[in-house]
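Please open the structure in a viewer in which residues can be selected by chain and number.

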Number of protein chains: 2
Amino acid sequence: MGATKTEHFTDKQNQIAIIAKALGHPARIAIIEYLLKVNECICGDIVNELPLAQPTVSQHLKELKNAGLIKGNIEGNAICYCINEETFDILKGYFSNIISVTKTQKCC
Amino acid sequence: MGATKTEHFTDKQNQIAIIAKALGHPARIAIIEYLLKVNECICGDIVNELPLAQPTVSQHLKELKNAGLIKGNIEGNAICYCINEETFDILKGYFSNIISVTKTQKCC
DNA sequence: TTTTAATATTGCAATATTACGATAATAATT
DNA sequence: AATTATTATCGTAATATTGCAATATTAAAA
């Protein structure tokens, strides 16, 4: 025991959870906000911006990329990172739907 | 090492991360979707719905409540749970802003 | 081709999460 | 008062995450 019972939930539930989980760390939120500010940048820029070591930043970037929240394009020996709008659209749509349903409900 | 460096990030970044983290598990997404379907319910209903033991469900409800995603009202010896729209509004607003900014950007 | 620059990966310690059996707490019911 | 119903808490094992030093990888530059 201890491992998440992924197989008992729907693909959609797992998809939303994976994306949300990737955003569930302040460093990764800070990376997203930094990308939003500078449009695009390389890993080293983020290392200079955040109070974290290079391997740690690299790991956070990997998780954001795996969840589809950012894109990384190789440019010479560096990698250019930027936000992947599509995945944020999925989230926005998901939460918009939740809000529209709750508007018709009355809470206990 | 091992602990998140919360103090190095802004309150807003930590707030969004805490909410996202609470949604970062398929069981908690399933609980939200069930509440959305039935409007309100008690813990035992969720235990019957999900393939998880009662203490596990109780723990997940606690995390959702701590993050402000659900509300729990005592009704006799049971507790009536329902979605807390306000917190989802925060998320929707946050992601809407991200999307509107990225629309003006060009990715690498 | 050696050096430099930029990232990724490995390995590991510290910490956090997940899940559940056992048990406690609380309030209604008998 | 004893029983029942409902939920929370405790304790613990299994697993996952976080962070970083050391090292590897890759491609440009000297």
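**Aromatic pairs**

Over all chains, a search of the whole structure finds five aromatic pairs, where rings of Phe, Tyr and Trp (its six-membered ring) pair if their centres lie within 6.5 Å, and planes under 30 degrees apart count as stacked, over 60 as edge-to-face and the rest as tilted. Select A:F88 and B:F95: the ring centres are 5.9 Å apart and the planes stand at 50 degrees, so this pair is tilted. The pair crosses between chains, for A:F88 belongs to helix α5 of chain A and B:F95 to helix α5 of chain B; helices (H or I, at least four residues) and strands (E, at least two) are DSSP runs, numbered from the N terminus. A:F88 and B:F95 are both buried, where buried means under 20% relative accessible area, exposed over 50% and partly exposed in between (1.4 Å probe, protein chains only).

Next, select A:Y94 and A:F95, whose ring centres lie 5.8 Å apart with planes at 75 degrees, so the pair is edge-to-face. Both A:Y94 and A:F95 are buried.

A note on the model is in order here. The model is predicted, so that local features need pLDDT of at least 70 and side-chain atom pairs count only at pLDDT 80 or more, while totals for chains, interfaces and linings use all residues. Residues are numbered from 1 along each chain as its sequence is written, chains are lettered from A and ligands numbered from 1 in the order in which they are written, and side-chain values use heavy atoms, with hydrogens and water left out.

**The nonpolar core**

Keep B:F95 selected and display its surroundings. Leaving aside neighbours within four places in sequence, B:F95 is in contact (heavy atoms within 4.5 Å) with A:L23, A:F88, A:L91, A:K92 and A:F95. B:F95 is also among the residues with the most contacts inside the largest nonpolar core, together with A:L23, A:F88, A:F95, B:L23 and B:F88. That core has 68 residues; a nonpolar core is a set of buried Ala, Val, Leu, Ile, Met, Phe, Trp, Tyr and Cys residues joined through side-chain atoms within 4.5 Å. In soluble globular proteins, nonpolar side chains tend to be buried together.

**The cavity**

How many cavities of 30 Å³ or more are counted? The count comes to one, and the largest cavity has a volume of about 40 Å³. On a 1 Å grid over the protein atoms alone, a cavity is a set of points where a 1.4 Å probe fits but cannot get out, a pocket is an open set with protein on both sides within 12 Å along at least five of seven lines, and lining residues have an atom within 4 Å of a point. Grid points are joined across faces, edges and corners, and a volume is the space filled by probe spheres set on the points.

To locate the largest cavity, select its lining: A:A20, A:L23, A:L91, A:F95, B:A20, B:L23, B:L91 and B:F95. Helix α5 (85–102) of chain A and helix α5 (85–102) of chain B each supply at least two of the lining residues. The lining comprises eight nonpolar, no polar and no charged residues; Ala, Val, Leu, Ile, Met, Phe, Trp, Tyr, Cys and Pro count as nonpolar, Asp, Glu, Lys and Arg as charged, and the others, Gly among them, as polar.

**The largest pocket**

The largest pocket has a volume of about 320 Å³. Of its 18 lining residues, those closest to the centre are A:K21, A:A22, A:G24, B:K21 and B:G24. Helices α1 (11–22) and α4 (54–66) of chain A, and α1 (11–22) and α4 (54–66) of chain B, each supply at least two residues of this lining. Six nonpolar, six polar and six charged residues make up the lining.

**Buried residues of chain B**

Select B:R28, in helix α2 of chain B. B:R28 counts as buried because its relative accessibility is 7%. Beyond four places in sequence, B:R28 touches B:K21, B:A22, B:H60, B:E63 and B:L64.

Move on to B:H60, in helix α4 of chain B, which at 6% relative accessibility counts as buried.

**Two loop residues**

Finally, select A:N39, in the loop between α2 (26–38) and β1 (41–42) of chain A. A:N39 is not a glycine, yet its phi is positive, near 75 degrees. With 23% relative accessibility, A:N39 counts as partly exposed. In chain B, B:N39 lies in the loop between α2 and β1 (41–42) and has a positive phi of about 75 degrees.
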